[in-house]
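Hi,

Here is the structure I promised to pass on. My notes follow below it.

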Amino acid sequence: MAMRGGKENDVWVRVLGVDPAAAGPTGYGIVESDGRHCRMLHYGALRVTAKRQKECASATLQAVHTLLCRLIEKFTPDALAVESVFTALNMRTALRLAEVRGVVLLAAAQHGVAVHSYAPREVKASIAGHGQADKRQMQLMVRALLSMSETPEPADAADALAVALCHLQREQVRRRFALPEALPFAKPRGARAAAAAAGSVTRNY
């Protein structure tokens with residue numbers, strides 16, 4: 001695990017959260033925590049134009065893969081947290097969403113980053129206190145938990161930050177009560193050097 005933060009003894013765990021989408025923007029967010037405080041490093045949402053999608057059937061998958069590889073290489077996260085497929089979706093939408101998730105898992109595996117999956121209701125319950133929270137409630141809670149000066153937009157980016165926060169909270173509880181570690185989709189890498197961008201806070205759309 002990489003040593004990050006301002007103090008020599010601080011260990012900051014960095015998580016890349018991803019909110020995959022079948023049709024709309026795919027949200028992403030980088031959050032890190034020392035077990036007491038959480039801070040946002042970077043967030044945004046990737047939208048592939050309809051024109052590009054018509055030109056190439058796999059344009060969205062290619063764009064998501066390229067983006068995630070770039071984010072992993074730049075921020076060197078210790079883990080990647082992603083929303084699982086919502087079971088109430090119709091078959092066609094569920095299959096398209098599963099394709100995007102597959103690309104997420106591929107990018108993580110190629111870079112040796114452990115992947116953890118969380119159901120949408122689990123993320124909402126962890127962040128907002130109940131599994132029926134709407135988009136606006138999630139945005140406001142993410143803003144409060146990360147002490148952000150503005151509400152994260154679009155909602156897809158806020159959802160990605162929420163997934164990352166959910167994983168950090170689950171890990172904190174697991175370590176506090178010495179619970180067994182959940183098996184990730186991909187094996188984690190060894191110790192990493194601190195990222196050069198550790199102190200930068202950016203926002204992209």
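**Helix 2 and the rest**

Helices are DSSP runs of H or I with at least four residues, strands are E runs of at least two, and both are numbered from the N terminus.

A word on the source: this is a predicted model, where local features need pLDDT of at least 70 and side-chain atom pairs pLDDT 80 or more, while totals for chains, interfaces and linings use all residues. Residues are numbered from 1 along each chain as its sequence is written, and side-chain values use heavy atoms, without hydrogens and water.

Back to helix 2: its buried residues (under 20% relative accessible area, 1.4 Å probe, protein chains only) include Val64, Leu67, Leu68, Ile72 and Phe75. Among the elements covering them are strand 1, helix 1 (50-55) and helix 3 (91-110). Just after the helix, Thr76 has a positive phi of about 40°.

Then there's Asp19, in strand 1 (residues 13-19). Asp19 is buried but has no salt bridge, with Lys135, the nearest side chain of opposite charge, 4.8 Å away. (A salt bridge needs a Lys or Arg side-chain nitrogen within 4 Å of an Asp or Glu carboxyl oxygen; Lys and Arg count as positive, Asp and Glu as negative, and His and chain ends are not counted.)

Overall, the protein has 6 helices and 6 strands, and 48% of its 205 residues are buried.

Cheers

How values were computed:
Buried means under 20% relative accessible area, exposed over 50%, partly exposed in between (1.4 Å probe, protein chains only). Contact means heavy atoms within 4.5 Å.
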